[in-house]
Amino acid sequence: DDKYPALSGLVSRWWSVLRPSEPVNFKEIKPQGTGQRHIDIKATISGASGTADIERDAVAIFSDSQLNCLGLATFLARSTQDSFGILIFDDPIQSLDKEHEYLFVSQVVDQMLQAGEQVLIFTHNKSFWTNLQIRHAAVLPKGFKVEMVSGPTVAATIQDMDSELSDLLKRIDLIVRNPNPDVALSAANQIRSAAELFCKLLICKAESTPAGILLPSSFDGRMLPDLLRRAEPHLKKDASHSGKIRHIEKCTDCGSHHDYGS
């Protein structure tokens with residue numbers, strides 16, 4: 001008697017975050033019989049002006065996109081209720097609907113982080129991945145490319161890291177221009193990470209031989225001063241290059257660090 005109304009309230013809350021102001025809405029989860037094995041999920045359709053809403057089975061009237069959001073809302077309701085501590089999402093916006101993707105990025109992740117949950121998101125959609133990185137730059141999100149080879153491996157090739165460095169620099173540019181000072185200040189942390197990644201790439205490209213290819217991940221745990229000493233001989237013979245990267249070392253927080261395995 002207590003479980004279903006409480007769960008319905010939580011699902012309604014998340015439904016309103018994911019699908020605000022819709023003519024078709026989730027109403028409640030009701031037990032079927034004793035509720036031990038079967039449930040009914042009810043939805044309402046807005047009636048004509050001055051008339052009551054019409055109740056129907058959600059499965060019968062919801063679109064695929066709405067059913068996807070209903071499943072997501074139910075999962076979020078359970079996670080809120082039980083405080084899992086870590087949440088893993090696999091392409092949570094299956095319809096790739098831009099409006100609902102935006103609501104997930106801006107509202108759902110924000111509320112999960114505020115609740116103290118650790119959030120892991122897998123996606124094949126690069127724009128979704130990029131938007132998550134930019135929107136939540138203040139918490140310094142970690143982004144990885146995962147490949148299936150003979151098993152799941154986190155790729156750390158020179159080519160992949162070239163792409164990551166390019167994406168990181170674009171993200172820093174956006175963060176620096178953000179009108180929110182708390183977000184803009186986090187750019188210094190990202191710049192330090194970019195400098196470390198740049199040094200790793202420079203070392204790997206210069207020192208790899210036919211006998212063995214160095215990977216950026218092999219330098220995890222090495223801090224910028226150490227990386228810089230090894231990378232400096234491989235910089236172009238232009239004194240300004242060394243000065244610029246040493247300036248990054250002096251004017252950014254040494255607590256910020258780029259590790260591929262963290």
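## Overall architecture

A contact here means heavy atoms within 4.5 Å. In this predicted model, 61% of the contacts between residues at least 6 apart in sequence join residues at least 24 apart. The secondary structure of the protein consists of 10 helices and 7 strands.

Of the 262 residues in the protein, 37% are buried. The protein exposes about 14,900 Å², and carbon and sulfur atoms supply 56% of that area.

## Helix H1 and its packing

Helix H1 covers residues 3-18, a run of 16 residues. From its first C-alpha to its last, H1 reaches 23 Å, close to the 22 Å expected at 1.5 Å a residue.

The buried residues of H1 are Tyr4, Leu7, Ser8, Val11, Trp14, Trp15, Val17 and Leu18. An α-helix has 3.6 residues a turn, so residues three or four places apart point the same way. The partners of the buried H1 residues belong to both strands and helices: they pack against strand E1 (24-32) and strand E2 (38-45), and also against helix H3 (64-82) and helix H4 (98-114).

Lysine 42 is in strand E2 and counts as buried because its relative accessibility, 15%, is under the 20% limit. Not counting residues up to four places away in sequence, lysine 42 touches Phe26, Lys27, Glu28, Lys30, Glu55, Arg56, Asp57 and Ala58.

Threonine 44 also lies in strand E2 and is buried, with a relative accessible area of 14%. Leaving aside neighbours within four places in sequence, threonine 44 is in contact with Pro23, Val24, Asn25, Lys27, Asp53, Ile54 and Glu55.

## Salt bridges

Side chains of opposite charge can pair when their charged atoms come close. The structure contains 7 salt bridges. In one of them, the side chains of aspartate 57 and lysine 42 meet at 2.7 Å, N to O. Aspartate 57 lies in strand E3 (residues 54-57) and lysine 42 in strand E2, so this pair ties together parts that are 15 residues apart in sequence. Aspartate 57 is partly exposed, with a relative accessible area of 36%, whereas lysine 42 is buried at 15%.

Glutamate 207 forms a salt bridge with arginine 230, with the closest N and O atoms 2.6 Å apart. This pair links distant parts of the chain, 23 residues apart: glutamate 207 is in helix H8 (residues 187-207) and arginine 230 in helix H9 (residues 224-231). Glutamate 207 is partly exposed at 25% relative accessibility, and arginine 230 is partly exposed at 30%. Because arginine 229 and aspartate 226 are 3 residues apart in helix H9, about one helical turn separates them. Arginine 229 is exposed at 53% relative accessibility, while aspartate 226 is partly exposed at 27%. A network of salt bridges links Arg222, Asp226 and Arg229.

## Partly exposed nonpolar residues

A nonpolar surface patch of about 430 Å² is made by Ile86, Ile88, Phe122, Phe144 and Val146. Phenylalanine 122 is placed in strand E5 (residues 118-122). This phenylalanine 122 is partly exposed, with a relative accessible area of 40%, and therefore meets the patch requirement of over 30%.

Leucine 67, in helix H3, is partly exposed at 30% relative accessibility. Beyond residues up to four places away in sequence, leucine 67 touches Ala58, Val59 and Phe62. Isoleucine 134, in helix H5 (residues 126-135), is partly exposed at 29%. Not counting residues up to four places away in sequence, isoleucine 134 touches Arg171 and Leu174. A C-alpha separation of 7.3 Å is found between isoleucine 134 and isoleucine 175, which are 41 residues apart along the chain.

## Cysteines and a positive phi

A disulfide is a covalent bond between the sulfur atoms of two cysteines. The structure holds 0 disulfides. Cysteine 199 is buried at 0% relative accessibility, and cysteine 204 is buried at 0%.

Most residues other than glycine have a negative phi. Aspartate 91 has a positive phi, near 45°. Aspartate 91 is placed in the loop between strand E4 (86-90) and H4, and counts as buried at 14% relative accessibility.

Methods
Residues numbered from 1 in each chain as written. Predicted model: local features only at pLDDT ≥ 70, side-chain atom pairs only at ≥ 80, totals over all residues. Heavy atoms only, no water. Patch = residues over 30% accessible without salt bridge, like charges linked within 9 Å, V, L, I, M, F, W, Y side chains within 5 Å. Areas by Shrake-Rupley, 256 points an atom, 1.4 Å probe, with all protein chains shown as cover. Salt bridge = Lys/Arg side-chain N within 4 Å of Asp/Glu carboxyl O. Helix = DSSP H or I, 4+ residues; strand = E, 2+ residues; numbered from the N terminus. Buried < 20%, exposed > 50% of the residue type's maximum accessible area, 1.4 Å probe, protein only. Expected span 1.5 Å × (residues − 1). Disulfide = S-S within 2.5 Å.
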